[in-house]
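Subject: Structure handover

Hi,

Here is the structure we talked about. My notes on it follow below.

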Amino acid sequence: MFRSRLRVHTCKIVLITSMVWFAMDVAVIMYYSDCSTGSGWGCGRIESGMATSPREGRADHHKGRAIRNHQSEHEDLDLSGWHFDYPVGQLKRWEPRPTVPDHPGLPGEMGKPVRTPPGQEVLMKEKFKLNQFNLLASDSISLNRSLPDVRLEGCKSKNYPPLMPTTSIVIVFHNEAWSTLLRTVWSIIQRSPRPLLQEILLVDDASERECIDYLGLELEQYVKTLPVSVKVLRTVERSGLIRARLLGAKEVTGQVITFLDAHVECTEGWLEPLLARIAEDRTRVVCPIIDVISDETFEYVTASDMTWGGFNWKLNFRWYRVPQREMERRGGDRTQPLKTPTMAGGLFAIDKEYFEKIGRYDEGMDIWGGENLEMSFRIWQCGGTLEISPCSHVGHVFRDKSPYSFPGGVVNVVMKNSARVAEVWMDEWRDFFFEMNPGARSVDYGDVSERRKLRKDLKCKSFRWFLENIYPESQMPLDYYYLGERPRQSGFTPGKSTTDRILALRVLVERRREFRQGMLAAYVDLKKLFDSVHLIFAESLEVLVMALEALHEEAKPLGLEVSWLKTKVQIRNVETQSCLDTLGRKSGENLGTSYCHGLGGNQVFAHTKRQQIMSDDNCLDASNPSGPVKLVRCHGMGGNQMWSYTQKEGSLKHANSGRCLQKPDSRDVTLPVLKTCDGTAAQQWVMNGSFKWQAN
Ligand SMILES: [Mn+2]
């Protein structure tokens, strides 16, 4: 009995000892094999062993095992078929948020328009001025209003990865209305899967507290009551969107930064499509579709999913139709992410580390404007991807006028920022930008050496690569023959006496004051007379031309000739000496002619390698052989937009009709006509400027 018991004990001891040895062996093998790279021979075996007896995974000294332990939180999930660009243990499970309930009868529910009650029109107009939207309407709508589910059917049934990174939402505001700001916050809280929503960071960019006191303590106390972490950060002085966003980004604790505007409403399922794309590839920067919240009625109106971001000659961001090429790449599936050349910049999501890696924002830029193009070029040229996710919809209150003040003037700020974009990212197209925007040449755009270094360090591709591969539909011409005529700077006739000079100066100063408030600027060269260059401001090109002509007229009796720096290119008729002019008209309207002012703008045309005559994104187009010649969005398909030009004859021949462009006749003195070619001066156009660019 005792002996058999002893035998049993001996057996137990032998068994336990061997098990201990076995366990030690396993530990030693794991310790010395490199499992973290996945190449250690024992890794797979041990890991699969652990899966059957999870209790053995207690020794936490090994990297591979630590990850394994976290992963075991998600063990019940089937992750096959999903690829993650983050360690799985860092990702969060999520559930879609329930639909925000509708409250029929309340104003603005389901995104419906709000009508101003009769008798309150005056109050409405008064309040409109504060934010440049209908504040009375906004204030009457619930902060939690319901919205229609605007997604395509294919989006509603889409499968998103069961695990996703968390996001922090960064919102910059300046003098924002309470109701729009808090409706933005509530729409995020109510429509974002809670585990994915790390926090909301509200950055107050020096709102003028003396008039808008509710954005102070009241806001700070209100956000404490919210079910999600919401922090209010404040800039010390007015910093502008770029620097305020950087301040917010610094505080982000989530994995993805989602930048939003302060007067938006997020719709059902808005966040998942953005995070899903980044979960798979952290170099993707993803934008939602930006729907329209009416500034008049706060009605929610869906925007087209068939537009993408581009830009024009002045480096203004513009929406254009998605080309067939991109539709085909997506296999005709409108729910697939759209690769967009540029973004509007207000709303997008980006991995936090990637944001840091590719150089955040250009801190040399002021306030607002151009930063979205800078970032778009940078993302594409430095190896990232910029997308619009058509399944994500966020509404934005678009306004006609900006309610914000721009220290330094809006034109100068945007010009400076755009000049930095051109200097750093656009290579040879830099010259094109400055040729089109002479005002930018005189702007002090500061030091760009750090941004150039960033571009070099990241080994970014050329602007030509971007235009050829990402944006071949761009209005930025790859190849040009002529870019119109480039007039010489005309001289300035000095006055006869000192009295004349002083009188002339007084006239100029008076005039200058009148045009001070505006948007456009021209340089009047007074070098010969007063050894100075004067700046004239005007709110439009037309006003500027009028100002210059008035100056010219007033200076004439004094024996003076006022001239201005004519840096722009134009197409001039030999007989009339007038120039082709868009007269500021839009696509679908007639081409015009007018006095050659030499200031560019509406008189700049380019004859491209594809034989188009372009003005920004419009082309001269004649669908009828007897005219009129219209400005139509360039389609790049030849046809009615093809024109041949020979410098020797000077004729502009319409390829389809074989007829020539001729000076206007008596019926309409501003409307050039199409006639049978006859070689007369009325059909001769001068555009043999020295500016031959990229022609090959
Ligand atoms: Mn906005």
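Helices here are DSSP runs of H or I with at least four residues, and strands are E runs of at least two, numbered from the N terminus. On that basis the chain has 21 helices and 29 strands. Please keep in mind that this is a predicted model.

Confidence

Mean pLDDT for the chain is 81. A value of 70 or more is reached by 72% of the residues. Two stretches stay under 50. One is residues 29–69, where the model has 35 contacts beyond four places in sequence. The other is residues 486–507, with 40 such contacts.

Overall packing

The chain has 696 residues, and 40% of them are buried. Take the contacts between residues at least 6 apart in sequence: 72% of these join residues at least 24 apart.

The core

The largest nonpolar core holds 120 residues. Val170, Ile171, Leu275 and Phe348 touch the most other members. Helix H14 (residues 410–425) gives the largest share, eight residues. Domain 2 (143–397) and domain 4 (572–686) both contribute residues, so the core lies between them. Leu275 has contacts with Met164, Pro165, Thr167, Leu196, Val256 and Ala349, leaving aside neighbours within four places in sequence.

Helix H9 spans residues 240–250. Its buried residues are Gly240, Leu241, Ile242, Ala244, Arg245, Gly248 and Ala249. What covers them? The cover includes strands E3 (167–173), E4 (197–204), E5 (230–234) and E6 (256–260). Helices H12 (352–357) and H13 (371–381) are also part of it.

Ser239 sits in the loop between E5 and H9. Beyond four places in sequence, Ser239 touches Asp205 and Ala244. Ser239 and Asp204 are 35 residues apart in sequence, with 9.9 Å between their C-alpha atoms.

The E10–E11 hairpin

Strands E10 (residues 307–311) and E11 (residues 317–321) pair in the antiparallel sense, over five bridges. Gly310 has Arg318 in E11 as its bridge partner. Five residues lie between the two strands. Among them, Leu315 takes a positive phi near 60°.

Best wishes

Notes: Residues numbered from 1 in each chain as written. Predicted model: local features only at pLDDT ≥ 70, side-chain atom pairs only at ≥ 80, totals over all residues. Buried ≥ 20, exposed ≤ 12 C-beta atoms within 10 Å, placed from the backbone. Contact = placed C-beta atoms within 7 Å. pLDDT = per-residue confidence, 0-100. Pairing = 2+ DSSP bridges. Core = buried A, V, L, I, M, F, W, Y, C linked by C-beta atoms within 7 Å. Domains from an automatic or database assignment.
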